[in-house]
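Reader: I am new to reading protein models. Please take one part of this one, the sheet with its surroundings, and go through it closely.

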Amino acid sequence: MAFSLATWNINSVRLREGIVLKLMSEEAPDVLCLQECKSPVEKMPLDAFAAAGYSHVVARGQKGYNGVAILSKIPMEEAASEDFADLGHARHIAGRLENGVTVHNFYVPAGGDVADRTVNEKFGQKLDYLTGMRDWFHAQQMKSSILVGDLNIAPREDDVWDHKKLLKVVSHTPIEVEHLAETQDAGGWVDITRKDIPEGRLYSWWSYRARDWDAADKGRRLDHIWATPDIANAGHNSRILRDVRGWEKPSDHAPVFATFDL
């Protein structure tokens, strides 16, 4: 079975229902993973998504904050929902597709503005969340799994617009990159996007603060698609839909795609 998959931090699923439906119509991924839905599940526009062909849903919602959802054309059942670091946040949901593949959808904490846990509680929560993910992956011995989401870290030098300028900026600091690498190693995860596009600058997020985000192009690759080694070679056709960042009332993130032949 071949299926296409997309991950997108939507920054309010109710506010941006229209562009979710536009993506469904124009790109039609078989599985669409959303983060930062900012809505209880019962208030998400799931009826509209079902009418567009996405009738299978697993989700965790939260009023005004966080929230993750997997919308699928393929039959799927809930497989897991973990509260890493005991934050009480809706940041993880997993669905098992009918071919046995489990899709994990994550929204890792952003970490605030100061890269120092002694003065910024949010930065400490981010590091603790990643540590919780790492330990869980070790215990689970992950297989036949795909991990997607806004991991809020751009790990490589060419995942940001200026490596040196961002070394002290949350999302690209060495301690975050180290924590993410440990988390990735714990599951043996393969970065599918960079497997397919190994060279060159690659971004999935551009700040709202930039008046002309496209021309300035001060982006970061915060959104990721990983797979366990047993299925990583089945992943291909990776792409980031940069143009979506320019749609009407956009999210500050662009959707990331991959296809899997499984």
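Author: The protein has a mean pLDDT of 97, and 100% of its residues reach 70 or more; pLDDT is the predictor's confidence in each residue, on a scale from 0 to 100. This is a predicted model, in which local features need pLDDT of at least 70 and side-chain atom pairs count only at pLDDT 80 or more, while totals for chains, interfaces and linings use all residues. Residues are numbered from 1 along each chain as its sequence is written, and side-chain values use heavy atoms, with hydrogens and water left out. Confidence is lowest in helix H7 (residues 213-216), with a mean of 96, and highest in strand E12 (residues 223-227), at 99. Helices (H or I, at least four residues) and strands (E, at least two) are DSSP runs, numbered from the N terminus.

Now the sheet. Six strands form an open sheet in the order E3-E4-E2-E1-E14-E13, and the pairing is mixed. Two strands pair if DSSP finds at least two bridges between them. At the edges are strand E3 (56-60) and strand E13 (235-240), each of which pairs on one side only. From one strand to the next, the twist averages 15°. Strands of a sheet pair through backbone hydrogen bonds, either parallel or antiparallel. E3 pairs with strand E4 (residues 68-72) in the antiparallel sense, over five bridges. Valine 57 has leucine 71 in E4 as its bridge partner.

Helix H1 (residues 17-26) lies across strand E1 (2-9), strand E2 (31-35), E4 and strand E14 (256-261). H1 runs at about 155° to E2; axes are lines fitted to C-alpha atoms, for helices over the stretch in contact, and angles run from 0 to 180 degrees between N-to-C directions.

Glutamate 36 is in the loop between E2 and helix H2 (46-51). Glutamate 36 counts as buried because its relative accessible area is 16%, where buried means under 20%, exposed over 50% and partly exposed in between (1.4 Å probe, protein chains only). Setting aside neighbours within four places in sequence, glutamate 36 is in contact (heavy atoms within 4.5 Å) with Asn9, Ile10, Asn11, Ser12, Asn66, Gly67 and Tyr107.

Two cysteines remain. The structure holds zero disulfides, a disulfide being a pair of cysteine sulfur atoms within 2.5 Å. The cysteine sulfur closest to that of cysteine 33 is in cysteine 37, 10 Å away, so it is too far for a bond. Cysteine 33 is buried at 0% relative accessibility, and cysteine 37 is buried with a relative accessible area of 1%.
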